[in-house]
Amino acid sequence: MSREAHVQFCESLGVKFPGATHRVITCKSAAEARAAVEAAHRILKQLGVELHPQKTRIVQVRYGFEFLGYKIKRGYKKLRLPEGKIRSGTRAGALYAYPKAKSISRFMDQVRKRTRRNVPLTTQELIENLNPLIRGWGEYYKRAHVRTLFHRLDGWIRRRLWSHRFRRWRNAGWKQLPEALLYEGYGLVNLVRLIPSLAFQK
């Protein structure tokens, strides 16, 4: 799979794809799940392929599982608003996907590396270098449950840019490089604006 052109492009932006043989099968009971594994084992054996013993697992969805860079789990918290007022369609006890902690950490490490204070770039050059990484990562996860996460990362990225510009973490960068200038003037990619349900908002 990694030989395909579009996959190579995404991987160059920090998005990693597992092999094309990764699959998730949902079942209504543990017995049904065990039967599905046995059936898959029989079918694949006839094709000369075997299931990976360490990567083939049966899990209860309330504990969650990781797949394609996501943590998929059933929600357990009570919703603050009545279901009729939630435009996103979120429901109590529904499944949701969230970027893996390892993926978030890797993304932040890449941003840190590109925004070190000693990087000899202007703010415009720095943003142009940073944008493909932000856009690639954000496009991959934008349909997950990420509004709060994206909002937090947007603020953190702005602080990284201010720190680079003024050579210290605590500064008044928000005065000389306000959000509007960074996003509208310099063209910094905004993660929250990548979310489809919020794309129309300015």
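The protein contains 8 helices and 3 strands. Along the sequence, these elements follow the pattern α-α-β-β-β-α-α-α-α-α-α. Of its 202 residues, 31% count as buried. As for contacts with a separation of 6 or more, 57% of them are accounted for by residues 24 or more positions apart.

Before we look at details, a word on confidence. The model is predicted, and its mean pLDDT is 78, with 74% of the residues reaching 70 or more. Which elements mark the two ends of the range in mean pLDDT? Helix 1, residues 5-12, has the lowest mean value, 44, whereas helix 4, residues 123-141, has the highest, 95. Over residues 1-9 the pLDDT is below 50, and beyond near neighbours in sequence this stretch has 10 contacts in the model. Where pLDDT is low, the predicted coordinates should not be read in detail.

The largest nonpolar core has 35 residues. Those with the most contacts inside this core are Phe-107, Ile-134, Trp-137, Phe-150, Ile-157, Leu-161 and Leu-188. Two or more residues each come from strand 2 (70-74), helix 3, helix 4, helix 5, helix 7 (179-185) and helix 8 (191-194). Please keep Ile-157 in view for a moment. Which residues does Ile-157 contact, leaving aside its neighbours within four places in sequence? They are Phe-107, Val-111, Leu-130, Ile-134, Leu-188 and Leu-191.

My next subject is the aromatic residues. The structure holds 4 aromatic pairs. Because Trp-137 and Tyr-141 are 4 residues apart in helix 4, about one helical turn separates them. Both Trp-137 and Tyr-141 are buried.

Trp-137 also pairs with Phe-150. Their ring centres are 5.9 Å apart and their planes lie at 45 degrees, so this pair is tilted. This pair links distant parts of the chain, since Trp-137 belongs to helix 4 and Phe-150 to helix 5, 13 residues apart. Are these two residues buried or exposed? Trp-137 has a relative accessible area of 1% and is therefore buried. Phe-150, at 0% relative accessibility, likewise counts as buried. Taken together, Phe-107, Trp-137, Tyr-140, Tyr-141 and Phe-150 form one aromatic cluster.

We move to helix 3, which covers residues 101-114 and includes Ser-103. Why does Ser-103 count as buried? Its relative accessibility is 8%, and the cut-off for a buried residue is under 20%. Not counting residues up to four places away in sequence, Ser-103 touches Gly-69, Trp-137 and Tyr-141. Ile-104 lies in helix 3 as well, and at 10% relative accessibility Ile-104 counts as buried. Apart from neighbours within four places in sequence, Ile-104 is in contact with Tyr-98, Pro-99, Trp-137 and Leu-149. The C-alpha atoms of Ile-104 and Leu-149 are 9.4 Å apart in space, although the two residues are 45 residues apart in sequence.

Finally, I come to helix 5. What span should one expect for this helix of 20 residues, 147-166? At 1.5 Å a residue, helix 5 should span 28 Å; its end C-alpha atoms are 29 Å apart, which agrees. Helix 5 is mostly covered, with 14 of its 20 residues buried. Ser-163 lies in this helix, and at 3% relative accessibility Ser-163 counts as buried. Ser-163 and Arg-117 are 46 residues apart in sequence, while 6.8 Å separates them in space, C-alpha to C-alpha. Just after helix 5, Arg-167 takes a positive phi of about 60 degrees.

Thank you for your attention.

Key. Residues are numbered from 1 along each chain as its sequence is written. This is a predicted model: local features need pLDDT of at least 70, side-chain atom pairs count only at pLDDT 80 or more; totals for chains, interfaces and linings use all residues. Side-chain values use heavy atoms; hydrogens and water are left out. The expected span of a helix is 1.5 Å times one less than its number of residues. Buried means under 20% relative accessible area, exposed over 50%, partly exposed in between (1.4 Å probe, protein chains only). Contact means heavy atoms within 4.5 Å. pLDDT is the predictor's confidence in each residue, from 0 to 100. A nonpolar core is a set of buried Ala, Val, Leu, Ile, Met, Phe, Trp, Tyr and Cys residues joined through side-chain atoms within 4.5 Å. Rings of Phe, Tyr and Trp (its six-membered ring) pair if their centres lie within 6.5 Å; planes under 30 degrees apart count as stacked, over 60 as edge-to-face and the rest as tilted.
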